[in-house]
Amino acid sequence: LLWSRQEVDMQPLARRRQTAGRWRTRFVVMIQVALCLPSLLTSFEKASIRRDRGEGLLGGPMDWFSSNEDTDYPPADYETFKRPAKPGKRVNVLTYVRLDHLYEISEDSSTIHFHLTVRLKWNDTRLRFTPIAHGPDSRFRIVKADSIWHPSLRVLKDVTHHEPLETAKVSCHGEVTYTAHYDSRVWAEIDFSHYPFDSHKFVLDISSYRYSADRVLLNMTNFDPQAVNLEALSGPMWRVVAFNQKSVPNKRTVYLDNDSVVEMSLYVKRRVTNPLVVMIFPMGLLGILSTTPLFISIEKFSDRATIGATGCFTILLFHHVVNEYFPKLGYLTWLHHYTIFTNVYIFGAFFAIMALQVIHRAHGGSNELGWRERGDSTYKPNEKKSRTSALKAEGETPMLYPAGEATRLKDSPRTAKKSKGWGFSCLCLSGYGAEDVPYAQCLNDRMAAGFVIGYICINIFMFAIEFENWYEDSPMTSHLWVAR
């Protein structure tokens with residue numbers, strides 16, 4: 001001690017004051033840190049709670065909900081399973097249902113995927129309270145939906161069974177505003193027989209699975225079908241034509257025989273642009289392509305056979321490529337029927353080309369292959385020369401038609417220029433004269449006319465049967481859907 005006192009006495013007075021000031025500063029800082037430590041711990045705890053709830057840490061509407069959420073409310077003696085009504089009376093629940101978006105209509109699972117927002121209002125006198133502070137925010141309290149009584153709504157026929165996102169706000173007068181968001185996939189009976197020109201009506205029901213209509217009544221309010229933005233509800237593949245909803249008391253459901261239900265009617269129509277451009281229009285072009293060989297001279301067999309075979313192989317490859325666009329169903333749709341018709345038409349035209357060639361050769365006709373086999377280098381495809389001219393030069397009697405046909409077609413425009421009347425010679429694009437057209441060529445022209453007329457008539461008929469559906473689903477007649 002004497003040594004330390006001597007050392008202190010030896011230090012200058014200024015240095016001793018500086019050392020004392022340093023220790024005093026350190027002591028004050030330690031006291032301030034000790035006082036701020038509880039508040040820091042509390043702030044970190046609140047931040048972790050808000051992070052677990054998924055709320056923003058930088059402020060916003062969720063901070064207001066967190067600050068107004070009272071953990072001591074509702075009262076401890078509050079019974080969540082007791083209805084806010086007298087015995088024998090039912091709770092009148094004002095209901096508003098909004099369809100936010102239509103995501104998908106699945107052909108494979110026969111389900112419809114959509115998003116709903118349901119808002120309910122009712123009075124519960126047990127939840128009245130006296131506002132403490134002044135201001136509009138003090139008259140409301142945010143509570144957990146499972147801490148108070150609510151009708152427990154469910155979307156019927158929901159295959160996902162997802163729990164809705166629920167919020168509840170209670171006013172000082174006991175008025176409860178309950179909001180729930182449903183992301184549902186509902187099973188529905190869907191008829192795709194008119195695909196891709198199909199339109200559907202879906203009936204979506206929301207009910208309380210705990211209470212019957214004698215205890216809870218769902219009343220629709222503030223709903224205007226004309227104010228619904230149908231384009232906002234529509235998806236990439238479907239267009240919403242009309243949307244309507246109504247309250248249906250005492251409806252029999254899977255839960256109760258007399259259930260109070262909010263029934264929503266949704267009318268949708270498929271956007272046909274993609275199937276029309278990708279599948280229907282190309283098949284129509286292939287059908288026209290398969291008819292062109294019938295308008296080529298029957299003596300040009302190689303050209304006719306090449307185009308016909310190309311059409312057959314092209315339609316097979318086309319169906320293999322676009323097979324994923326066809327719905328996976330156990331029955332045939334309109335598009336399947338049109339595909340079958342196109343295949344039969346294309347292969348029928350090809351077989352007709354082959355049959356006409358056999359008939360042409362059987363009646364003494366020839367083609368460019370026959371001229372090459374005989375070594376005639378003077379043959380030209382575009383030259384107006386026929387089997388008749390060759391026979392006349394050799395002194396033989398030409399036989400362009402069978403023996404029985406020669407008498408019947410004596411005055412036909414095919415055999416005599418002097419005959420009057422209209423014939424199918426106008427459809428012959430091979431360049432032959434009217435006097436010496438072979439029998440197979442005449443038959444070819446008639447078959448070409450039949451194929452073209454039949455193809456046009458069947459297409460008109462198949463598209464005309466869908467006209468009624470298109471007319472009823474048009475925006476001009478959307479009020480008819482609402483009226484129904």
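I worked from a predicted model, where local features need pLDDT of at least 70 and side-chain atom pairs pLDDT 80 or more, while totals for chains, interfaces and linings use all residues. Residues are numbered from 1 along each chain as its sequence is written, and side-chain values use heavy atoms, without hydrogens or water.

**Strands.** I took helices (H or I, at least four residues) and strands (E, at least two) as DSSP runs, numbered from the N terminus. Two strands pair if DSSP finds at least two bridges between them. I found β1 (residues 91-106) parallel to β8 (residues 216-220), with 5 bridges; V91 is bridged to V216 of β8. With β2 (residues 111-123), β1 pairs antiparallel over 11 bridges, and L94 has K121 as its partner in β2. I noted 4 residues between β1 and β2 in this hairpin, with S110 of the turn at a positive phi of about 55°.

**Helix α7.** After α7 comes G364, with a positive phi near 85°.

**α6 against α7.** I read a crossing of roughly 160° for the axes of α6 (residues 301-321) and α7, which come within 10 Å; axes are lines fitted to C-alpha atoms over the stretch in contact, with angles from 0 to 180 degrees between N-to-C directions. The two helices are therefore roughly antiparallel (over 145 degrees). The contact (heavy atoms within 4.5 Å) includes F301 and H319 of α6 and T339 and Q357 of α7.

Conventions:
Parallel < 35°, antiparallel > 145°, perpendicular 65-115°, else oblique.
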